[in-house]
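User: Hi! Could you walk me through this structure, one question at a time?

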Amino acid sequence: MTTVIDGKAAAASVIEAVTSAATTLETSGHRKPGLAVVIVGDDPASHAYVGAKSRMAKQCGFNSIQHTLPEDTSQADLMTLVASLNADPQVDGILVQLPLPKHLDSDPVIQSILPEKDVDGLHIVNAGKLATGDLKTGLLSCTPAGAMILVRQIHGNDLSGLNALVIGRSNLFGKPMAQLLLNANATVTIGHSRSRDLPELARQADILVAAVGRAEMVKADWLKPGATVIDVGINRVAAPEKGEGKFKLVGDVAFAECKPVAKAISPVPGGVGPMTIAMLMANTVIAAHRRAGVAAPRF
């Protein structure tokens, strides 16, 4: 029987641990963890994500602060806000919701966040710590960290002797995911659009992680029988069976045909997605503990 990985249950477990850690921090005489979320413009999807993050922060017992800026906010004004949040002793974590409106350059904004408050794990200091194998003093990019928890559910903490393929080489996901797998002793390959024979690389993988944004690209004949498949893709495709003009979400893996071949597979939705917000909360509570000079929990 194939295991369908339950990301919602895994995320709920992380949130429970985060809430407990936040409560313990507060009852031991420290203040609540503080998470500041910045959103620029009117993008409905971004507002939905930010709303979910703010609600979850409150559920975890955090002080949740939201800054909603108009679409025409200047680069200078956004940078000034981030600088003020860097200096605010009540704020442990800062998240600037991406994508920003087209006239704004996101990279200088992200890199201006203090690394110790960079709960998205995107600052080059945090990326560099991960690349050099330091998983203890930085903050990990949320989606790879969440995907790694799902891998560990199936294989445990030590991936020695296992081949892993990450399809996708983005700074946001592909590269940090590969580093986490490598840190757990897997033999790691990164596949991408210029790879010569992606299906053949996939057939050698005990763990396959797909993150390319191409709907149902990974087919059953790509898989090594008994592989663990982590699907990070979220693609909106037409669903005429639901009615005219209707859509559904699918991953980068053809779930129905791959499920019988895999040992374990994460669905879309309900797999990696819930883990992203859970790990954002985990990063915030870790940052709060470090700022308080208290040993931080591990997730």
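User: How much space lies in the second largest pocket?

Analyst: This is a predicted model, where local features need pLDDT of at least 70, side-chain atom pairs count only at pLDDT 80 or more, and totals for chains, interfaces and linings use all residues. Residues are numbered from 1 along each chain as its sequence is written, and side-chain values use heavy atoms, leaving out hydrogens and water. On a 1 Å grid over the protein atoms alone, a pocket is an open set of points where a 1.4 Å probe fits, with protein on both sides within 12 Å along at least five of seven lines. Count the space filled by probe spheres set on the points, joined across faces, edges and corners, and the second largest pocket comes to about 530 Å³.

User: Which element gives the largest share of that pocket's lining?

Analyst: Lining residues have an atom within 4 Å of a point, and here there are 22 of them. Helices (DSSP runs of H or I, at least four residues, numbered from the N terminus) giving two or more residues are H6 (142-155), H7 (174-183) and H10 (273-292). The largest share, five residues, comes from H10.

User: Is Val91 buried or exposed?

Analyst: Val91 is in the loop between helix H3 (75-87) and strand E4 (93-96); a strand is an E run of at least two. Buried means under 20% relative accessible area and exposed over 50%, using a 1.4 Å probe and protein chains only. Val91 has 0%, so this residue is buried.

User: Which ring does the charged end of Arg236 sit over?

Analyst: For Arg, that takes CZ within 6 Å of the ring centre and within 35 degrees of the ring normal. Arg236's charged end is 4.1 Å from the centre of the ring of Phe247.
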